[in-house]
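Thanks for making the time this morning. I would like to walk you through one model, slowly, and to keep to what can be read from the coordinates.

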Amino acid sequence: MGRGRLAAGAWVLLAVLFSTSAHAAERAKGRQLFDQAIEQYRRGDFRDALSSVSNALREHRTLTKAYALRAQLRHILGDRPGSIRDASKASKMSVRLAEDLAFRGNARLLLGDWEGALKDFENALNKDEDLAEASLGRSRVHRAAGNLRSALLDIRRAVKLDPNHLVARYHLAWAYQEADRPDRAKRELTRILNKNRRFALAYGLLGVIFAQNGDTKRAQASYSKAIRLFPDYSFAYLGRAMVYLKKNRKILAFKDFEEAIRTNPSDYAPYFNRGEIRFTDGDKESALTDFRVTLKMSIPHPPAAKVMGERFARAGHHDPAVTMFGKALEAIRSHPNRRFASDAGDILMMRSASNEAINETRKALADLDGAVKVSSMSALVWTTRAEFHLRHNSDRQAGKDLDRAIQLDAHYAPALMARGKLKENARRFQEALVDFASAIEADNKLAEAYSRRGRLLARVYARWTKALIDFGRAADLRPRNAAYLLDLGVVRLRVGDFWKSIQSLDKASLLKAPEPVVLRYRAEAYYGLGDVAQAAKDIEKSIQQNPNASDSFMALGQFQMRSRLYPQAITDLDQAIGLDKTNGEAYRYRGQAYAGLGEYRRAIKDLTKAVKYERQPITALALLCHAQRLAKREKSAIDSCNRALRIDEQYPPALLQRGLAFLAIHDNARAVRDLDDSQRLDAPRPQALLARSIAHAALRQYKQSDRAYREAMMLDFQVKSAELTMGEDPGPSWDYSAQIDMLEGMLERDGDDPYTHLIRGNALDNAGHYDRAIIEYTRALEMDGKLTQAYLARGSALSAQDSLDAAEQDFRRAVRLSPEDPLSHLSLVTLLTARRKYAVGLKVAITALKLQGDEPDPNLFVKAGNLRYFSEKPARARENFQYAIKFSPMNASAHNGLGLTEFSRGQYQKALAHFSKAIKLHPDYDRYYRNRAATFVNLGTYQNAAADYKLALTVNRDPQMIDEYETLIKNSEARIRASKAATSSKKK
């Protein structure tokens, strides 16, 4: 028995020993296969590596690192469920060796256990600091946490420890790409492909780099190469699909999105993109199915969820956007990268916008309150909440939020912009202008700020030139914005740039701006160009489109009024007011028409209503002041002008009218101040200069009085009255000579001042008594033989008597006495031009310009241009006129000169534009109408020519011109009849 038991025990021992040795052999084989798999994995041969590691696990079922490696390989190859199973097994196994810890860390990384993964990598490196796999793993944790610097240090260390670890080099390339160093990323990818031309992931990353650089051709080629090497590479299908979308090749993109879903059904991105294609193609049901699948998926990476939410919101799907933003917020709480916490405020703001879009106002406000708590030091969140309050009429709370935003960042343009809008709503226009200007200073590409400031300058302050600059900038920044182009067209119209106004209005019309509004303004622009026929067509079309539009009839009445057809204008404006009793602009134009007929009581009544109904009544107030002054209600006029100047203290028409009102009540000092300011800010008016001359004389400022008179004569030698009327009726005119006669007693007392004789002489000169004027000027010279002004005055009177030699001598003496005085040179040049001494005159003008240095008198350029034009040198003349406009954009004579040079070149449309601008600036000078009429004759539009000749006859009351203009009108009308007859005969 003993021997039998002993024998049995021996057999058992032998069996155990045999079994142990067999298991040891299997484990050894398993480790050998694992080592083989590791080498294949590091080279990028992922399918071979998967096969080897699976065989290794058959031989050694407890090999932790094998499960972890297989989880990684399955993840790369798109088997997400298998990857999770293997990673779960590996993460639960207890290990001690450094290499096993590193691989278990990789498994935990796949499961999203960031803290456990980092702990395993740290422990592995403590045990073996030269373990490349542990350094690589820790770098991936650092990348996920947004710490790219530490990630790069770790991954470079891994590559240094194992230069043939191509997967480590691939992760290094990704890190460089994320650090915005694509050149270094491409260099690493080149090294990978030099060692393994079949490394598909490298081609996929190259596709990303090329796509981000806009090289869609090479990006597509790289993705395609990756797919050929790895037919189940979901990432490459997705990338290539996005490239196809950029090229607008939807069918190919759709196929690649489907392939991406097939190869990786747990990725949300291809579902969403496929849904977007279906939605734009009209297959809304299928699209919604894709969107629902996207929403059901877990998206643990906060930026991914945030981007998805943004895309839903942009596509107008606000309910799913709210859900996706919620997922993003949940992901932030569990993600190791604390950098994402700063995104919480942005996500809450975006979710608020989507909640507001689906009428969840309370939730939207709650989100904004949350955003303010999370990002209390962000000017953006305070501004966003303020804009929400603005939309919901909580102006007080909006103001508090905006003040807080600006306190945090004094140069934050959106906050300054929003505060400007708030102040504009509160009618605090000056403060609003300051805020819009600050917003532009902070961000010179903020189109809305330019537009808002432009509207205030135009509508509140009537500062059209400054508004033009702002609207032009807004339209440049947003060239497809119909509202900006419409505003630009209107303001170009107001400054007299009619052709460009039409171009802007036509562009606005193409971009779906309101057609009746465009037609109305375009008609006004055509009328400004003198094209009455086209203006009438546009207005008729506007009325046909909307027969109940008050503004169209108002525009029709406005055209009649500008043609001085006041009764017809009143009829049209009556119709406009009948359609809209609150149309302030129509009341304003009708008031002007009544004033043109001398019916000042009716004019004042209408203009008072215009002030009441117009939102920004500065123009109506200036016109009311004008009408009250003409009606001899000077104190009321001053009150109205003061109201206008409270809106804009530099508004030229109000300053001009208040100055004339002060002159009427003999408050001469204030009159001079206002008239000076109006001339400085606007195009100079000869009537205003005569008024200023009267005021200076009354203040015993004789030298200034004479200079103002002389400047008025240089602008318009025909001007006789200091009055500015609103129509045909000259009204209670202030005759210059009569006003000076009233000062005769004072002039007599100051008879020892030679300038008193100049003032008397000016009054006689203005009344046409040239002989007596010359006597007074000579007396002044007897008292002071070096008095430049006396030579200029006597020369002017002598030239009026055709004593041109004597006049030229006086002007030359004035030039010698005052070589830097532009008035002396201007007078001499004007006379030489009249005497057709063009070469001599040009020499004088050029000398004068050189003497004046950096700020020459623009009128000298005009004179030089005239001389060159008459010398048949239109190209050089054109340069002179352009210089004059550069220094003085409101110089009517310069625009007229440019019109003449364009006319001589056959550029009739350009000539029209400049003649029209001259008329806009100086509507009471018949020569400009006559020049434009001649242009219309050359264009064959005789109807427009006849209209301009009629206007020229209206503004020039000189009896000598009546016969000439009536002949021109008859000739034009005869040509109109002949043209109609020729057209009708062709039709027959």
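Residues are numbered from 1 along each chain as its sequence is written, and side-chain values use heavy atoms, with hydrogens and water left out.

As for confidence, pLDDT is the predictor's confidence in each residue, on a scale from 0 to 100; the protein chain has a mean of 85, and 94% of its residues reach 70 or more. Over residues 14-20, however, pLDDT stays under 50, and the model has 0 contacts there beyond four places in sequence, a contact being heavy atoms within 4.5 Å. Where pLDDT is low, the predicted coordinates should not be read in detail.

Let me move to the interior. By nonpolar core I mean a set of buried Ala, Val, Leu, Ile, Met, Phe, Trp, Tyr and Cys residues joined through side-chain atoms within 4.5 Å, and by buried I mean under 20% relative accessible area, with exposed being over 50% and partly exposed in between, using a 1.4 Å probe and protein chains only. The largest such core has 196 residues, and those with the most contacts inside it are F34, L69, Y170, L189 and F199. Its largest share, 10 residues, comes from helix α11 (residues 200-212), where helices are DSSP runs of H or I with at least four residues, numbered from the N terminus. Taking L69 as an example, and leaving aside neighbours within four places in sequence, this residue is in contact with F34, A37, I38, Y41, V53 and F103. Apart from that core lies another, of 64 residues, which includes A763, I774, A793 and L842.

Now to helix α47, residues 822-834. How much of α47 is covered? Of its 13 residues, 11 are buried, among them P822, L826 and T833. The elements covering these buried residues include α40 (702-715), α45 (788-800), α46 (804-817), α48 (838-852) and α49 (858-870). The end C-alpha atoms of α47 are 18 Å apart, which agrees with the 18 Å that its 13 residues should span at 1.5 Å a residue, the expected span being 1.5 Å times one less than the number of residues. At the N-terminal end, D821 caps α47, with a side-chain oxygen 3.2 Å from the backbone nitrogen of L823. Just after α47, R836 takes a positive phi of about 60°.

The next feature is the disulfide, defined as a pair of cysteine sulfur atoms within 2.5 Å, and the count comes to 1. C625 and C641 form this link, with their sulfur atoms 2.0 Å apart. C625 sits in helix α35 (residues 618-630) and C641 in helix α36 (residues 634-647), 16 residues apart. The link is left-handed, with -90° about the S-S bond. C625 counts as buried because its relative accessibility is 0%, and C641 counts as buried at 0% as well.

Finally, two loop residues. N393, found in the loop between α21 (379-391) and α22 (395-408), has a positive phi of about 60° although it is not a glycine, and it counts as exposed because its relative accessibility is 69%. H666, in the loop between α37 (652-664) and α38 (668-681), likewise is not a glycine and has a positive phi of about 65°; H666 counts as exposed at 55% relative accessibility.

Methods: This is a predicted model: local features need pLDDT of at least 70, side-chain atom pairs count only at pLDDT 80 or more; totals for chains, interfaces and linings use all residues. A polar contact is a pair of N or O atoms within 3.5 Å; within protein, one must be able to donate a hydrogen and the other to accept it, and residues adjacent in sequence count only if both atoms are side-chain atoms.
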